[in-house]
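Colleague: I am new to this structure and would like a close look at one part of it, the charged side chains and the rings around them. Please take me through that part step by step.

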Amino acid sequence: VQLQASGGGLVQPGGSLRLSCAASGFIFSGNAMGWYRQAPGKQREWVASITSVGSTVYVDSVKGRFAISRDNAKNTVYLQMNSLKPEDTAVYSCNTWISSRGYWGQGTQVTVSS
């Protein structure tokens with residue numbers, strides 16, 4: 001299982017970023033996918049998930065600002081982040097669960113600062 005996130009960067013408060021996560025090594029279309037983030041000095045936090053059929057759920061702090069989506073033809077999951085706040089600063093990584101085992105890929109840094 002390989003998960004490679006990309007698309008992070010430095011953005012001003014109120015700005016937007018779109019993260020991508022390319023997946024391989026498993027049947028992507030049949031698996032739910034998620035995004036997590038970890039800020040410096042804090043525990044990893046679940047952000048959003050999307051089921052194999054496209055149902056989505058979000059942590060309260062990002063509802064209405066973030067949107068998770070997937071393209072099964074490209075084996076890729078996305079996280080559109082709008083109205084970014086300094087507290088969104090973290091390393092973001094994507095995740096899936098296979099046979100009760102969690103997999104996290106290498107993350108991408110998102111920094112929200114003026």
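Modeller: The side chains of Arg37 and Glu45 meet in a salt bridge, with N and O 2.7 Å apart. This is a predicted model, so the distances and accessibilities here are computed from predicted coordinates. Arg37 counts as buried because its relative accessibility is 7%, under the 20% cut-off. Glu45 has a relative accessibility of 30% and therefore counts as partly exposed.

A second salt bridge to look at is the one between Arg65 and Asp88, whose closest N and O atoms are 2.8 Å apart. Arg65 lies in the loop between β6 (56–58) and β7 (66–71), and Asp88 in the loop between β8 (76–81) and β9 (90–98), so this pair ties together parts that are 23 residues apart in sequence. Arg65 and Asp88 are both buried.

The whole structure has four salt bridges. Among them is the one in which the side chains of Lys63 and Asp60 meet, at 3.0 Å from N to O. Asp60 counts as exposed because its relative accessibility is 59%, while Lys63, with a relative accessible area of 48%, is partly exposed.

Charged ends also sit over rings. That of Arg44 is over the ring of Tyr36, 5.9 Å from the ring centre. That of Arg18 is over the ring of Tyr78, at 3.9 Å from the centre.

The structure holds three aromatic pairs. One of them joins Trp97 and Trp104, which are edge-to-face, with 5.7 Å from centre to centre and 75 degrees between the planes. Trp97 counts as partly exposed because its relative accessibility is 47%; Trp104, at 29%, also counts as partly exposed.

Phe26 and Phe28 also have their rings paired. Their ring centres are 6.3 Å apart and their planes stand at 50 degrees, so this pair is tilted. Phe26 and Phe28 are both buried.

Technical notes. Residues numbered from 1 in each chain as written. Predicted model: local features only at pLDDT ≥ 70, side-chain atom pairs only at ≥ 80, totals over all residues. Heavy atoms only, no water. Phe/Tyr/Trp six-rings, centres within 6.5 Å; stacked < 30°, edge-to-face > 60°. Buried < 20%, exposed > 50% of the residue type's maximum accessible area, 1.4 Å probe, protein only. Lys NZ or Arg CZ within 6 Å of the ring centre and 35° of its normal. Helix = DSSP H or I, 4+ residues; strand = E, 2+ residues; numbered from the N terminus.
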